[in-house]
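Hi,

Here is the model I said I would pass on.

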Amino acid sequence: MNKSDDNERLEEEEELSSVGQEETNNQTVQQSNDDESKLQHDLANELKHTLKIPITDELPNIGPTPYKVAIVGMNELGSATAFLLICRQVVTDIIIIDKNSKRLAAEYADLSTCTTFVSGVNIQASNQLASCEGARVVILCDVSDDDDDHDHEKQQKSTTVPSSNPHEKLLFNFKITSRAISHYASDCVMIIAVQPFEVMTQLCAANSMIPSYRIIAPGTMIDSAHFRLLISEKLDISPASITGIMIGGHGHNNLPLWNSITVGGIHLLSENTSIGTSHDKENWHQLHRNVNQRQEDVIKIKGTEVWSISMASSELVECILRNKREIHTVTVNIKDHYGVKTDLFLSIPAIISQNGVSHLITMNLANHQNENEFASIIQNIETTIKEKLKNI
């Protein structure tokens, strides 16, 4: 090896040494910066980052979250529905939505505390309908446009300017809200908890982009529950051992199917062929009137059947999320059935699956009297819907 080669080798070693020293200096500076940065973080942030180790750079799935439910409108009904879903522990994510930020914050503070008593339920709050995106089920409980930023202004105007028709305002808000929800959560099943169920489901189907089989309301599911409860009280037997349904419309447009009543598997109609008629000595037909009277009393005192509707809604959510395929008398579209040629929503037995209504159940109306009564109910509901929606 000559002298020039030795000089070149020494120059290369000096250059490598210089680079190594520079990297060491950079690492020392970087370590110093990192140490300083760590000192600036509080304990909560430190734990937040050090306890969670990312293992993938893949983007999250942007499709519907299998167990996410959005509740729009945090009135008394919305709050009760959220509470029952937390207790059922069938959902993983609940998003509560309301325009009134003060009411929303208070409900979130109260409900989020409840999640500490159960496991696996996360609750979030938002005042934007866009937060419905990714929800598997959306429950519409309230469509009022009360905004706490304008409450004072509205109170001042209300003293000088007469208010518009409150029913028409409700329908207009519902129309806008349901269409917006269908835009953000086009794959969801929408449960309508706003009354009147028949009118609201019809309005939703006409103005949203969601197929009608994914639009349902509790409807006579509530009437049927009242019906079974009164039967159980009359017989002093648990309602869990009793079947019996009411169809048609929620309220005075309902129709009890007496041939659907069984007690421990025994059909009451086989024991008493006159059951439900005016000449029935056991006065069973009085139960129908008592169902409607009970509902009237509740609404007169409370304003709405908060717990009945919220319990029925939460039951439907569980059927959808778990694909239980249970039969419930819910408000659904009966177009092309029972002589109906156009869209018309009322309650009949239906199978509730992961996509909403998968099948309608053929009903045995038993006799011409029931057929005529049901035909009359269909006509009454058609008339009511046309009258309510004529200006919308």
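First, the ground rules. This is a predicted model, so local features need pLDDT of at least 70 and side-chain atom pairs count only at pLDDT 80 or more, while totals for chains, interfaces and linings use all residues. Residues are numbered from 1 along each chain as its sequence is written, and side-chain values use heavy atoms, with hydrogens and water left out. Helices (H or I, at least four residues) and strands (E, at least two) are DSSP runs, numbered from the N terminus.

**The parallel sheet**

Six strands form an open sheet in the order E3-E2-E1-E4-E5-E6, with parallel pairing. Strands E3 (122-126) and E6 (215-216) sit at the edges with a single partner strand each, so one side of each has no neighbour in the sheet. Two strands count as paired if DSSP finds at least two bridges between them. E5 (residues 189-192) and E6 are joined by two bridges, and Met 190 stands opposite Ile 215 in E6.

Helix H4 (residues 101-114) packs on this sheet, touching E2 (93-97) and E3, and its direction makes about 175° with that of E3. Helix H6 (residues 166-184) lies across E1 (68-72), E4 (137-140) and E5, at about 170° to E4. For these angles, axes are lines fitted to C-alpha atoms, for helices over the stretch in contact, and values run from 0 to 180 degrees between N-to-C directions. Contact means heavy atoms within 4.5 Å.

**The antiparallel strands**

Strand E10 (residues 326-333) runs antiparallel to E11, with eight bridges between them; Thr 329 has Pro 349 in E11 as its bridge partner. On to E12 (residues 356-360): E11 pairs with this strand in the antiparallel sense over four bridges, and a hairpin of two residues joins E11 to E12. Here Ile 351 is partnered by His 359 in E12. Nine of the nine residues of E11 (residues 345-353) are buried, so this strand is largely enclosed by the rest of the structure. Buried means under 20% relative accessible area, exposed over 50%, and partly exposed in between (1.4 Å probe, protein chains only).

**Helix H11 and its surroundings**

H11 (residues 306-321) has 16 residues and spans 22 Å from first C-alpha to last, close to the expected 22 Å; that expectation is 1.5 Å times one less than the number of residues. Of those 16 residues, 13 are buried. Asn 323, which follows the helix, has a positive phi near 50°.

Ser 314 lies in H11 and is buried at 0% relative accessible area. Leaving aside neighbours within four places in sequence, Ser 314 is in contact with Leu 84, Leu 85 and Arg 88.

Thr 81, in helix H3 (residues 76-88), also has 0% relative accessibility and counts as buried. A polar atom of the Thr 81 side chain lies 2.8 Å from the backbone oxygen of Leu 77.

**His 250**

UniProt places the feature "active site" at His 250, in an unreviewed entry; such annotations may be inferred rather than shown by experiment. His 250 is in the loop between E7 (242-248) and E8 (254-263), and counts as buried at 15% relative accessibility. Beyond neighbours within four places in sequence, the contacts of His 250 include Gln 195, Glu 198, Asp 223 and Glu 305.

Cheers

Note on methods. A polar contact is a pair of N or O atoms within 3.5 Å; within protein, one must be able to donate a hydrogen and the other to accept it, and residues adjacent in sequence count only if both atoms are side-chain atoms.
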